[in-house]
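Work through the exercises below with the sequence and the model open. Each task is followed by a solution in steps.

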Amino acid sequence: MNALLEQLQMQGTENDALQQDKSKKWLNITPGTGKFLALLVDEIQPTRILEIGTSMGYSTLWLARAGGNSVQVVTIERDEAKHQQAQQHFRQAGMDKRIDAKLGDASDWMTRLEGQFELIFLDADRSQYLSLAPRLFQLLKPQGVLVVDNALSHADDVAPFKRWLEQQPELDVGVLPIGKGEIVAYLRD
Ligand SMILES: C[S@@+](CC[C@H](N)C(=O)[O-])C[C@H]1O[C@@H](n2cnc3c(N)ncnc32)[C@H](O)[C@@H]1O
């Protein structure tokens, strides 16, 4: 599994350096963010994790591995080629049973998901975050944590969403200087 993560990290870096078409870039989280997510999973011990923005499944694999056998990760990707390749990586890692990979737009899938998640990782089209915010909030379980990537690398893009989070009295919101910057929002009970 370590070897697969290292391979995906290297392939992603190489692909993104050469690829001109942004929709074909992998845009993996950094290994540091992967380690942070794994630590968080170890601390929260979630049974259900929601990820928005699968790409090739690099971050999904960090989440699923840390969660062990008892976790189910639901991950959403709208690009069919990426969705297919991610599923191949999940099988390769032997993690396909605990990863439920959905193909389609997050705004659509999120209305169809039932129940709540102890951890939500948001790493998708930042222009949609504000419109997704109310439903994301409903999907987050009390004492759950929402993590949002690119808080520092694309601070202007995520600013309206971050302000929305900060206006919710039940949420404690901070930004950690890990990887591309991570918003971490904790939903008090
Ligand atoms: C930054 S990449 C995700 C990287 C991935 N989390 C990782 O670190 O391995 C963002 C991905 O989100 C997908 N995406 C963007 N907006 C989406 C949406 N509204 N619904 C589903 N997928 C979306 C894109 O196609 C892209 O593959």
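**Exercise 1.** Sort the shell around the ligand by residue class, then find which residues and elements build it.

Solution. The model is a predicted one.
Step 1: by class, the shell holds seven nonpolar, seven polar and seven charged residues.
Step 2: the ligand is surrounded by 21 residues. Ile-29, Ser-59, Glu-77, Ala-106 and Gln-128 are the closest.
Step 3: turn to the elements. Helix 3, which covers 58-67, gives at least two residues to the shell, and strand 2, covering 72-77, also gives at least two.

**Exercise 2.** Find which polar atoms of Tyr-58, Ser-59 and Lys-82 lie by the ligand, and state how much of the ligand the protein buries.

Solution.
Step 1: begin with the nitrogen side of the ligand. One of its nitrogen atoms is 2.8 Å from a polar side-chain atom of Ser-59.
Step 2: go on to oxygen. A polar backbone atom of Tyr-58 lies 3.5 Å from an oxygen atom of the ligand. For Lys-82, a polar side-chain atom is 3.0 Å from an oxygen atom of the ligand.
Step 3: take the area. The ligand alone exposes 600 Å², and 94% of that is buried by the protein.

**Exercise 3.** Describe the largest pocket: what takes up its space, what is its volume, and which residues line it?

Solution.
Step 1: the largest pocket is the space that the ligand takes.
Step 2: its volume is about 680 Å³.
Step 3: its lining consists of 32 residues. Nearest the centre of the pocket are Leu-27, Lys-82, Asp-123, Ala-124 and Asp-125.
Step 4: helix 3 and strand 2 are the elements that contribute two or more residues to this lining.
Step 5: sorted by class, the lining has 12 charged, 11 polar and nine nonpolar residues.

**Exercise 4.** Search the whole structure for cavities of 30 Å³ or more and state how many there are. Then describe the lining of the largest cavity.

Solution.
Step 1: the search finds one cavity of that size.
Step 2: the volume of the largest cavity is about 50 Å³.
Step 3: list the lining. It is made up of Ala-133, Leu-136, Phe-137, Leu-140, Leu-146, Phe-161, Trp-164, Leu-165 and Leu-171.
Step 4: assign elements. Helix 6 (129-139), strand 5 (140-148) and helix 7 (155-166) are those that give two or more residues to the lining of the largest cavity.
Step 5: sort by class. The lining of the largest cavity has nine nonpolar residues, no polar ones and no charged ones.

Note on methods:
Residues numbered from 1 in each chain as written. Predicted model: local features only at pLDDT ≥ 70, side-chain atom pairs only at ≥ 80, totals over all residues. Heavy atoms only, no water. Near = heavy atom within 4 Å. Polar contact = N/O pair within 3.5 Å; in protein donor to acceptor, adjacent residues only side chain to side chain. Areas by Shrake-Rupley, 256 points an atom, 1.4 Å probe, with all protein chains shown as cover. 1 Å grid on protein atoms, 1.4 Å probe; cavity = no way out; pocket = protein on both sides within 12 Å on 5 of 7 lines; lining within 4 Å. Sits in = over half its atoms within 2 Å of the grid points. Helix = DSSP H or I, 4+ residues; strand = E, 2+ residues; numbered from the N terminus. Nonpolar A, V, L, I, M, F, W, Y, C, P; charged D, E, K, R; others polar. Points joined across faces, edges and corners; volume = space filled by probe spheres on them.
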